[in-house]
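Please have a look at the sequence and the structure first.

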Amino acid sequence: ELELARRHLEDALRLHRSVGDRALEPIVLANLSQLELWEGNKARAPEHALAALDIAEAVQAADLQVLALWSMGNAELAAKQCIEAAQTFERAQAVACAIDSALQHDATAGTARVALSVGDFAAALQAIEPLLSRLERDVTLEGTLGTRLIQLTCYQVLAGCKDSRAGAVLERVHASLQERAATITDPRLRERFLTAVPENREIVAAWEAANQAISEALAP
């Protein structure tokens, strides 16, 4: 329910500002930045992310700085500003590692997505190797911002490198997505969940493409 989400986020932002609660503004602004990307408004996403970063730095909240930097990196990558995005994700990872935050894994996946976007498969594979090892021990990557986006990134890199591990990663993330979708009882909302969220949509498309390829290979 993206429009409803926008109204709630904008109401929350107004409320935080009316009571002078700056410390929570970056969370709302980062979510607004992501919402803009989900709705295809690439020009507005960096504006919210930058505002989130400015406040997070002003209140000296390192965890919120990582959130804001991750949002900024996503916005820059969506705008094809790959050099800037790479630097932003690297900065996010440094701050996250300094406070031992699980958000470092989101930043690492962001770095891999940048490398993938410029066709540097070797760098992308090098970036995700620690994530693959981590996923073997903790499939949910507890504490991260977007576990499915991280797993999707791992799959896309492995598939691009024609790595044999790609199929297992895709199967795992698709099963997780379908398990989550099954908990949504409203059919319309369940369909929106699978189609309106970009990473969910890409996971479904990748799964369907993989099964189509298998069917064609087995056809007489």
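The lining of the largest pocket comprises 14 nonpolar, eleven polar and seven charged residues, where Ala, Val, Leu, Ile, Met, Phe, Trp, Tyr, Cys and Pro count as nonpolar, Asp, Glu, Lys and Arg as charged, and the others, Gly among them, as polar. This is a predicted model, in which local features need pLDDT of at least 70 and side-chain atom pairs count only at pLDDT 80 or more, while totals for chains, interfaces and linings use all residues. Residues are numbered from 1 along each chain as its sequence is written, and side-chain values use heavy atoms, with hydrogens and water left out.

A pocket here is an open set of points, on a 1 Å grid over the protein atoms alone, where a 1.4 Å probe fits, with protein on both sides within 12 Å along at least five of seven lines, and lining residues have an atom within 4 Å of a point. Of the 32 residues lining the largest pocket, Trp 38, Asn 74, Leu 149, Pro 198 and Glu 199 lie nearest its centre.

Trp 38 also lines the second largest pocket, together with Glu 1, Leu 2, Leu 189, Arg 192, Phe 193, Ala 196 and Val 197.

Returning to Pro 198 and Glu 199, both are buried in H11, meaning under 20% relative accessible area with a 1.4 Å probe, protein chains only.

Conventions
Buried means under 20% relative accessible area, exposed over 50%, partly exposed in between (1.4 Å probe, protein chains only). Helices (H or I, at least four residues) and strands (E, at least two) are DSSP runs, numbered from the N terminus.
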